Each structure stands twice: as C-alpha cells, then as structure tokens.
Amino acid sequence: MVGNWVMTDIDVRDLLAVFDRCEPAAADDIFYSDVLIGVRELIPCDVISFQLMDVAAQRLRLLVVSEDGVHREESAGITDEFDQLFWREFWEEDGCAGPLATGDYSTVIHHAERWSRRAWVDTPLGSAFVAMGTKDEVLVPMTPLGGTDRRLLLFRDEGSPDFSEREKAMLALARPHLAELHTRRDRELRGEPNLTPRQWEVLRRVATGASNTQIARALGLSEATVRKHLENVYLRLDVQSRTEALARVLVFLDAA
C-alpha cells in the first residue's frame, strides 16, 4: 500500500487471468493482441502498444490496440517529420531512451511524475505529443531480447485522469509476464516448438547420446518418466523417433 491506494487480490487475479487466455496471434503479429486488449480493459487507456525497437537501424515494430481496433505499424529510418523528430530527440532528456540509457529494465516509468504539463509542452517531442492529444503515458520496459528493445506503452488523451499508483503497480506486476509471453511469441515466429522446460532438458540429454537410463539418473527421474516425456515430445513434434525429434529441434536447443 502507498498513500491511500490499494491493489487488491481481485486486481491480481484479473490481471493474471489476462495472461492465461492468450491465443495464437495473427501470422505476423509480434505479440498477442488479446493480451493487450485484456490489459486495456483493466487499465483503461486510449492507446496501448507493444513495441520492438532496433535503435541502431532506427526500426520500430508495433502492435497497437485502440478504439479503432488492432493494427500493426512498422517503420525503418526516417519516413516522415515525426520520425525525424523522434530519432533526433531519442537520446535527449525529453526522449524515449529511458531504460536503454540507464540499464534499468524493471522500473515502470510514468510520464506525469517526471514532467509538469508546462515543462513537457516546452520540449520538441512533448509539444508534438500534446499536439496529437496525448496527456499521459506509462512505459513498461523489458530486458532486451537479442539486442532488440521491448516495451509496453499506454497513452491517455486529454480529458482522462493520469495513471494511478494502483494502475502502475498492476503494470509492474505484469511486466515479467509480458516479457515471458513475448519470448514465447518470438520463439513461435522463429518456428520453435512449444515444449515444456523438462522436455527440453530431456532432449538436451538425448542430443548428447545419453540413453533413457542415463537421462533418468542425471535428472533424478524414473526411466518410465523419461519414456513418457519422450512420448509426449514425439506427439507434440509429430515425429516417431529420437532421431526425428532431434532433427526438428536441434537448432533451438541452445536457446530453449
């Protein structure tokens, strides 16, 4: 509890339920749109977006949910005046470098706590956002994946209240789950099979040439359990043998 706000058990339950209901995204989506829709229902905002950013290449990929529905955006380099402003101001105090500049990927950043309205309007980037009607923003950072910056952004327009301490606490709770879900989505996009951690561990042992007996001894399991894990692996991968299973997953073993 901070001040007079409380994040309740119901808040936690409802938030975690959002992550349980995620379904496969559209073929080229970078994240799960139903998760964004669910978070937006719990923490009302005008726009919520999951963003991937390659700063060196000045490339942005976004999955965005608003009143207009779900849409995807992608840009590389300078394509319009706003892109030019965004990248010019990126590393400045009013820019968006934030977690990249500090190395802090766990703190939720609330715009209204950092800037007064007047100070924000007086900056180049702030003036542009205000002109588009944006009043408040929350940035939920995540540890980069393969050098790509990952973040969730929520925006409220004029006429809406600032994000509350309770809402920010819910986003802080959501942050590691969002990162885990994106890692899962990234693996799906790369064609990595959806196996359990234990199944991956068994396959790593199989890749060394270990027998079921040796795998059982190394992992503290019975041979029957190892056989069951392998049967489930074969079913998920739609293969018939250890050799076929390894051929299917070998390229992913180090990352799993």
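On a 1 Å grid over the protein atoms alone, a cavity is a set of points where a 1.4 Å probe fits but cannot get out. A pocket is an open set of such points with protein on both sides within 12 Å along at least five of seven lines, and lining residues have an atom within 4 Å of a point. Grid points are joined across faces, edges and corners, and a volume is the space filled by probe spheres set on the points. By this rule there are two cavities of 30 Å³ or more.

This is a predicted model, in which local features need pLDDT of at least 70 and side-chain atom pairs count only at pLDDT 80 or more, while totals for chains, interfaces and linings use all residues. Residues are numbered from 1 along each chain as its sequence is written, and side-chain values use heavy atoms, with hydrogens and water left out.

**The sheet**

- Helices (H or I, at least four residues) and strands (E, at least two) are DSSP runs, numbered from the N terminus.
- Six strands form an open sheet in the order S3-S2-S1-S6-S5-S4, with antiparallel pairing; two strands pair if DSSP finds at least two bridges between them.
- S3 and strand S4 (109–110) stand at the edges with a single partner strand each, so one side of each has no neighbour in the sheet.
- S1 and S2 run antiparallel and are joined by eight bridges. Asp54 has Arg59 in S2 as its bridge partner.
- Eight bridges also join S2 to S3, again antiparallel. Here Leu63 has Arg72 in S3 as its bridge partner.
- S2 and S3 form a hairpin, with two residues between them.

**Helices and their cover**

- Buried means under 20% relative accessible area, exposed over 50%, and partly exposed in between (1.4 Å probe, protein chains only).
- Helix H2 (residues 33–42) is largely enclosed by the rest of the structure, because seven of its 10 residues are buried.
- Those buried residues of H2 are Ser33, Asp34, Val35, Leu36, Gly38, Val39 and Arg40. Their cover includes helix H1 (9–20), S1, S2, S3, S6 and H8; contact means heavy atoms within 4.5 Å.
- In helix H7 (residues 124–131), the buried residues are Leu125, Gly126, Ala128, Phe129 and Val130. H3, helix H6 (117–121), S5 and S6 are among the elements that cover them.

**His111**

- His111 is found in helix H5 (residues 111–114). His111 is buried, at a relative accessible area of 11%.
- Not counting residues up to four places away in sequence, His111 touches Trp120, Lys135, Asp136 and Glu137.
- Val138 is 27 residues from His111 along the chain, yet their C-alpha atoms are separated by 6.1 Å.

- For linings, Ala, Val, Leu, Ile, Met, Phe, Trp, Tyr, Cys and Pro count as nonpolar, Asp, Glu, Lys and Arg as charged, and the others, Gly among them, as polar.
- The largest pocket has a volume of about 660 Å³. Of its 24 lining residues, Leu62, Glu73, Phe82, Phe129 and Phe155 are closest to the centre.
- Two or more residues of that lining come from each of strand S1 (47–54), strand S2 (59–66), strand S3 (69–76), helix H3 (81–89), strand S5 (134–145) and strand S6 (148–157).
- By class, the largest pocket is lined by 11 nonpolar, six polar and seven charged residues.
- The second largest pocket has a volume of about 390 Å³. H8 gives the most to its lining, with seven residues.

- The largest cavity holds about 190 Å³ of space. Among its 17 lining residues, Gly95, Ile109, Arg114, Glu137 and Leu139 lie closest to the centre.
- S5 gives the most to the lining of the largest cavity, with three residues.
- The second largest cavity holds about 30 Å³ of space. His111, Trp120, Phe129, Thr134, Lys135, Asp136 and Glu137 line it.

**Cysteines**

- The structure holds zero disulfides; a disulfide is a pair of cysteine sulfur atoms within 2.5 Å.
- For Cys22, the nearest cysteine sulfur is that of Cys45, 19 Å away. Cys22 is buried, at 8% relative accessibility.
- The sulfur of Cys45 is 17 Å from the closest cysteine sulfur, in Cys96, too far for a bond. Cys45 is buried at 8% relative accessibility.
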